[in-house]
Structure formats: structure tokens, C-alpha cells
Amino acid sequence: MQKEKIIIANWKMQLSLQETIDLANKYKAKFAKFKKGEVAICPNFISLLPVKTVLKGSNIKLGAQDVFWEEKGAYTGEVSPNMLKEAGCEFVIVGHSERRKHLRENYEYINRKVKTIIDSGNITPIICIGESWDERKTDRRDFVLTEQLQLALAGVDFMGDQQIIIAYEPIWAIGSGAAIESSEAEYAHKIIKLTLSQMFGMKIISGHFRIVYGGSISSKNVKEFADLENIDGLLVGGASLNAEEFYKVANVIIK
Ligand code: PGA
């Protein structure tokens, strides 16, 4: 079954509040007639509410870049799934490798976050997995991907029509300017699918999961990723900071 494709912009911590609002406005204008698939943008926390206002009346959806694993309490600096929902988010990125690297986020934290998001029942988590260069060089990629999925999704039960997006992002390709070979991405996505089918069964996969690729995607290389059977979309960093460039990428990946 062909799933609806999705393209997600991850603006990371690249833009000021005003720059974020300006870019959101450019996206809104650019995507005014774009009615295919799903398009989502993930700005920083403080920009969520103003961006929600900008996006009113457009098809572009809103996502956050992180979330905490409790709904409420004495957790200085944190934001809960329901708060994100209140701010208009339909998606949230969980366990991005930059958080794993700089904030020592691990798959135990990621698992707690995923479970809380699913319990809140409102938001689609975009769970990031991917091997390091060292893991790839030493032929451990398949094992790493399987282990990350098992840890991130341990104890997750599916209720209703809860959706989950797995973002395969080889760490060494992120921000490098060079995406991996599309055949390699397709292979990794097959491994991910196989692991998910062992964990949850094929029916759950086709109804609840999409698998997207992330890592140095641009209008120059996106064509290679467009027709692959197991790639349901993209998570885009650098190329999403320019509305025209992101629009070109979106038009190739979502037909
Ligand atoms: P990139 O980032 O497209 O700049 O490589 C992707 C990501 O980190 O999600």
C-alpha cells in the first residue's frame, strides 16, 4: 500500500524569532497551492505560537524539535506533549542525533518520551535513529538500527490510529553536504521495516508507521530518493532554511 508521503523541515536552532516568522511566511506563500502529501515545519520552541498564527489557513503543519517525558511537574526548562498540542503541534522530533550527542540523550529517555507522547494521544512522534560513521565502517549498522528501534519502542502499545514516523538519519551524513547512496537508504529502510514487523506485525506497520530519510537532502540529490519503495518521505535540515529550495525538494519527493 502506498502511504501518503511527508516532508518535514527541521529548522534546528538556526533562526531568530523574526527570521523564523519571515521564513514561515515564505513557506506559506510558496506552498499555497501545494495540496499533495503532508508538509510540516519544526521551528524552535519560542517560535511555535507565532508560527502557528502565520500558518493559519495553510496546509503546512507544525512540529516541535523535542519534548519531555512527563505531562506536568517540577521539570525546569521542559515542555510536555500536551503543551505542544496546545501550541498547535501535530508532530514532534524525538531523539535527534544532535541531542544524543550534545545532551547525552539516550534511548531510555527516548523510549520514555515516545510512551508519553503516545499516551497523550495527540501528536505523531518522529523518532530518529541512525548509525555513526564508526558503526558503519565496522559493519554494525543493521544491528545498531535494530537495537535503537527495540529500545525506542519497548513497551509501546498501539491505540486507535496513533501514527509514528521513524526517521533514518545516518549521523555521518547529517549536515555533511552529501547524502548517502539512495540504494543504501532503501536497504536501511528495509531493515527498519523488518525489525518493526518482527516487533509489531505487518498490519501495524502498514497502518501506523512511516519511514523517512534524513541527511543532506537537497534539490540536487532528491531525485534519487523519489521512487524508492520503502521511503515514505524526508526530514530536511539545511535545505529547509530556504523556502524555494525546500519547495523544489518537496515537489520531487511528493508527486
Ligand atoms: P541536514 O539535516 O539536512 O542538514 O543534513 C537533517 C537533520 O538533521 O534532520
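The model is predicted: local features need pLDDT of at least 70, and side-chain atom pairs count only at pLDDT 80 or more, while totals for chains, interfaces and linings use all residues. Residues are numbered from 1 along each chain as its sequence is written, and side-chain values use heavy atoms, with hydrogens and water left out.

**Overall fold**

- Eleven helices and eight strands make up the secondary structure of the chain; helices (H or I, at least four residues) and strands (E, at least two) are DSSP runs, numbered from the N terminus.
- The chain is as compact as a globular protein of its length, because its radius of gyration of 17 Å is close to the 18 Å that the globule rule gives for 255 residues. The radius is taken over C-alpha atoms, and the rule is 2.2 Å times the number of residues to the power 0.38.
- The C-alpha trace spans about 45 × 45 × 35 Å along its principal axes.
- Of the contacts (heavy atoms within 4.5 Å) with a separation of 6 or more, 73% join residues 24 or more positions apart.

**Surface and charge**

- The accessible surface (Shrake-Rupley method, 1.4 Å probe) comes to about 12,000 Å², and carbon and sulfur atoms hold 51% of it.
- Of the 255 residues, 52% count as buried, which means under 20% relative accessible area with a 1.4 Å probe, protein chains only.
- The chain has 33 positive and 32 negative charges, whose mean positions are 5 Å apart. Lys and Arg count as positive and Asp and Glu as negative, without His and the chain ends; the charges are placed at NZ of Lys, CZ of Arg, CG of Asp or CD of Glu.

**Nonpolar cores**

- A nonpolar core is a set of buried Ala, Val, Leu, Ile, Met, Phe, Trp, Tyr and Cys residues joined through side-chain atoms within 4.5 Å.
- The largest core has 66 residues, and those with the most contacts inside it are Ile7, Tyr27, Ile41, Leu153, Ile166 and Leu196.
- Another core, of twelve residues, lies apart from the largest one and includes Cys42, Phe91, Ile165 and Leu235.
- Not counting residues up to four places away in sequence, Leu196 touches Leu149, Leu153, Ile166, Gly201, Ile205, Phe209 and Ile211.

- Thr20 is part of helix α1 (residues 17–30) and counts as buried at 1% relative accessibility. Beyond four places in sequence, Thr20 touches Trp11, Leu15, Pro43, Asn44, Ser47 and Val51.
- Glu184 belongs to helix α8 (residues 182–200) and, at 17% relative accessibility, also counts as buried. Beyond four places in sequence, Glu184 touches Arg136 and Arg141.

Key: Buried means under 20% relative accessible area, exposed over 50%, partly exposed in between (1.4 Å probe, protein chains only).
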